[in-house]
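Here is a briefing on the model shown below.

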Number of protein chains: 2
Amino acid sequence: MDMERNVDTTNTDPYITRLADEERFAKRMDPVLWSEWGEGAPISREAAESFDKNGYFVLRDAFSPAEVKALMGASAALRGDDRPQSEDVVTEPDSDEVRTIFRLDEHSEVFRRLAEDSRLAGIAEFLLGDGVYAHQSRLNYKPGFTGKEFYWHSDFETWHAEDGMPRMRAVSASLLLTDNDALNGPLMLMPGSQRTYVACRGETPENNYRSSLKKQVVGTPSNEALTRLAETHGIDAATGPAGTVIFFDCNTMHGSNGNITPFPRSNAFFVFNAVSNALQAPFAAKSPRPPHLANRKDAPQAIRPKTGSLA
Amino acid sequence: MDMERNVDTTNTDPYITRLADEERFAKRMDPVLWSEWGEGAPISREAAESFDKNGYFVLRDAFSPAEVKALMGASAALRGDDRPQSEDVVTEPDSDEVRTIFRLDEHSEVFRRLAEDSRLAGIAEFLLGDGVYAHQSRLNYKPGFTGKEFYWHSDFETWHAEDGMPRMRAVSASLLLTDNDALNGPLMLMPGSQRTYVACRGETPENNYRSSLKKQVVGTPSNEALTRLAETHGIDAATGPAGTVIFFDCNTMHGSNGNITPFPRSNAFFVFNAVSNALQAPFAAKSPRPPHLANRKDAPQAIRPKTGSLA
């Protein structure tokens, strides 16, 4: 094993990955839902149970049409006249069209407020049973006609290997900014896959993130592993009208197909990590990814979730 | 206009296309359903009405599990040990995997019998109100993980322009050889689009078919036209278990997304043309496509549909 890795001297890292010649399945060693559901919970019992069992749940009607409209307007501006000139912007492999804008909360006031909104950060607190901070935020935009696929991956595998996130205590919230159905490249998830950790084969190249954001190669499971997971768990598509939020665990296997329909797909994406789960040195890479991909503040402050309309 | 084109001297071709600088929408000048439905019809009244209104219908449970198994076995053999060494085989753009095998009925006994089966050819006779022959047949195979998209097109536009099919009196029958759901790249159709003919912009390059089978460029509507059609008609996905047959009109706008799921998508595809609608010289190309793409027999003989199990 590479000596430059952050090897836990007590040898208790349950999530070793990026071994040169070996892919393996390991049991998840952390809870999925870190709180007990009760009357005061910010989500329904059914939603909490779905999150624990399936690794995701879909929240509808939490944002008003006026709020959704405000967010859509801010999104259009960020991809148009207000497009940031920075490494935060990733384009489609074959064109100059914007595919992703990172640090979304730093480029827009309404998205900054969204990141602290109780309907996202407050629910994340409940799911993770801890104060939370934004590990990553981004705007995803998949154009109509030519939108490319995102291949299958567990976010946690990359966050652990390349960012140094120690445990599975993080959750993603994807707020749909377009109507999303089964045909325009929706988020596909393998329900229940969050209980299995797929330690991926292949050592991490330097600056892997530069190419992996366009097309991920290292840190993805083999076709055999994906077939096994899909045959065990099946594949769900998380769909809904604009304004729908999908919360999914950091280890749920997910991806999305390309999109030849005329209807684009866009979402605002926030990853919340537990403050007790702050980043360390990467577990399987020589140097950590840059801060627009992983917020590396030493002692992250918990967000104080706010209520009130975004419109 | 190019003088080498097959210009109708009475100037009545309602389906002029491939104009250098112009795309236009024209009204369909032919019926969709050419027979009156009655008690003796080989399909239900609902199926006939769906075909007329939507340009397609889905037929389930017409083939027994044993028949489907026999067809799947023949398909696997054709893509494996019995792979034909001929221009009939088209591979994926990025690999040697089989994407399409043309003249399917000439490479396999069971598929030859399928092409004459009353559940395909007999229904096609009813839909077209005439004797029918196989204009084209092929096996389509979209692998899991890496299956590429087929972009939007009307088959008739190409058959008219490049094969010389005079009128809209042909129907495709796609028999699913894998389970097909909304997520593994199903056939998507715009219901009702068969009533509008999109005359495509751009003159046909020589040997256009060589590249268009991998990625079609000339003979596809613009993004603006597709958006207009999709907003008018919506988009349906035709799905079902292996053995399901989808019949769709030659002018129904259709396409399919790529497929990153582990589940491949395969179908056996037969185009039936009315014997009264036999091919002429191409309407918008200098020379016709080769016979594996378009059966150019001078006086095509009508199939006599046969009954009996394929297993």
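Among contacts in chain A between residues at least 6 apart in sequence, what percentage join residues at least 24 apart? It is 85%, with contact meaning heavy atoms within 4.5 Å.

This is a predicted model, where local features need pLDDT of at least 70, side-chain atom pairs count only at pLDDT 80 or more, and totals for chains, interfaces and linings use all residues. Residues are numbered from 1 along each chain as its sequence is written, chains are lettered from A and ligands numbered from 1 in the order written, and side-chain values use heavy atoms, without hydrogens and water.

**Fold**
- Chain A has eight helices and 13 strands (DSSP runs: H or I of at least four residues for helices, E of at least two for strands, numbered from the N terminus).
- The radius of gyration of chain A is 18 Å, close to the 19 Å of the globule rule for 311 residues, so chain A is as compact as a globular protein of that length (C-alpha atoms; the rule is 2.2 Å times the number of residues to the power 0.38).
- Along the principal axes, the C-alpha atoms of chain A fill a box of roughly 55 × 50 × 40 Å.

**Surface**
- In chain A, 58% of the 311 residues count as buried (under 20% relative accessible area, 1.4 Å probe, protein chains only).

- The same surface serves both copies: 100% of the contact residues of chain B recur in chain A.

Note on methods: Buried < 20%, exposed > 50% of the residue type's maximum accessible area, 1.4 Å probe, protein only.
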